[in-house]
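Student: I am new to this structure. Could you take me through its side-chain contacts?

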Amino acid sequence: MSTHENPLGRITWTDLAVPDAQANKAFYEAVVGWTSDPLDMGGYDDYCMKPAGSDDVVAGICHARGDNADIPPVWLVYINVPDIEASVRQVVALKGSVLRPIREAGGGKMSIVRDPAGAIFALYQAAATT
């Protein structure tokens with residue numbers, strides 16, 4: 001994702017990590033009318049969720065495994081930032097905390113953090129485009 005597609009300061013992505021992604025995706029299919037496409041995660045599927053009749057993926061519903069193993073079952077928003085290292089430093093300086101250090105993800109870099117009030121979100125920096 002480029003910063004042109006997702007302007008800085010905007011929510012870039014939304015994920016939900018839960019113990020049983022298959023059951024939870026069925027819940028959202030029934031309640032809000034989303035459809036799903038499986039995403040092979042090497043032995044199990046996570047799900048790309050789309051509004052009915054659309055090919056636009058609006059969220060992911062993932063199993064709480066691997067890197068997601070101890071993320072609480074909350075809708076995790078990813079906010080696009082220009083400099084993830086500077087943003088993570090600000091989180092710490094302003095009494096927030098880092099739950100997941102910066103790592104490569106989705107063609108860029110991400111980090112899961114908590115604000116001083118306890119809200120969990122992710123910072124995302126898109127890869128530089130040439």
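This is a predicted model: local features need pLDDT of at least 70, side-chain atom pairs count only at pLDDT 80 or more; totals for chains, interfaces and linings use all residues.

Student: Which parts does the salt bridge of Lys 50 and Asp 37 tie together?

Tutor: The two side chains meet at 2.7 Å, N to O. Helices (H or I, at least four residues) and strands (E, at least two) are DSSP runs, numbered from the N terminus. Lys 50 and Asp 37 are 13 residues apart in sequence. The pair therefore ties strand β3 (residues 45-50) to strand β2.

Student: Is Lys 50 buried or exposed?

Tutor: Buried means under 20% relative accessible area, exposed over 50%, and partly exposed in between (1.4 Å probe, protein chains only). Lys 50 has 9%, so Lys 50 is buried. For Lys 50, then, the answer is buried.

Student: How many residues apart in sequence are Arg 100 and Asp 70?

Tutor: Their salt bridge has its closest N and O atoms 2.3 Å apart. Arg 100 lies in strand β6 (residues 97-105), and Asp 70 lies in the loop between β4 (59-63) and β5. Arg 100 is buried at 17%, whereas Asp 70 is exposed at 58%. The separation in sequence is 30 residues.

Student: Why is the pair of Phe 27 and Tyr 28 edge-to-face?

Tutor: Rings of Phe, Tyr and Trp (its six-membered ring) pair if their centres lie within 6.5 Å; planes under 30 degrees apart count as stacked, over 60 as edge-to-face and the rest as tilted. The count comes to four aromatic pairs. In Phe 27 and Tyr 28 the centres are 5.0 Å apart, and the pair is edge-to-face because the planes stand at 80°.

Student: Where do Trp 34 and Trp 75 lie?

Tutor: They form an edge-to-face pair, 6.0 Å centre to centre and 85° between the planes. The pair links distant parts of the chain, 41 residues apart. Trp 34 is in the loop between α1 (21-32) and β2 (35-40), and Trp 75 is in strand β5 (residues 75-80).

Student: Which ring does Arg 65 lie over?

Tutor: A charge sits over a ring if NZ of Lys or CZ of Arg is within 6 Å of the ring centre and within 35 degrees of the ring normal. Lys 25 lies over the face of Tyr 47, at 5.2 Å from the ring centre. Arg 65 is at 4.2 Å from its ring centre, over the face of Tyr 44.

Student: How many disulfides does the structure hold?

Tutor: A disulfide is a pair of cysteine sulfur atoms within 2.5 Å. The sulfur of Cys 48 has its closest cysteine sulfur in Cys 62, at 8.1 Å, too far for a bond. The number of disulfides is zero.

Conventions. Residues are numbered from 1 along each chain as its sequence is written. Side-chain values use heavy atoms; hydrogens and water are left out. A salt bridge is a side-chain nitrogen of Lys or Arg within 4 Å of a carboxyl oxygen of Asp or Glu.
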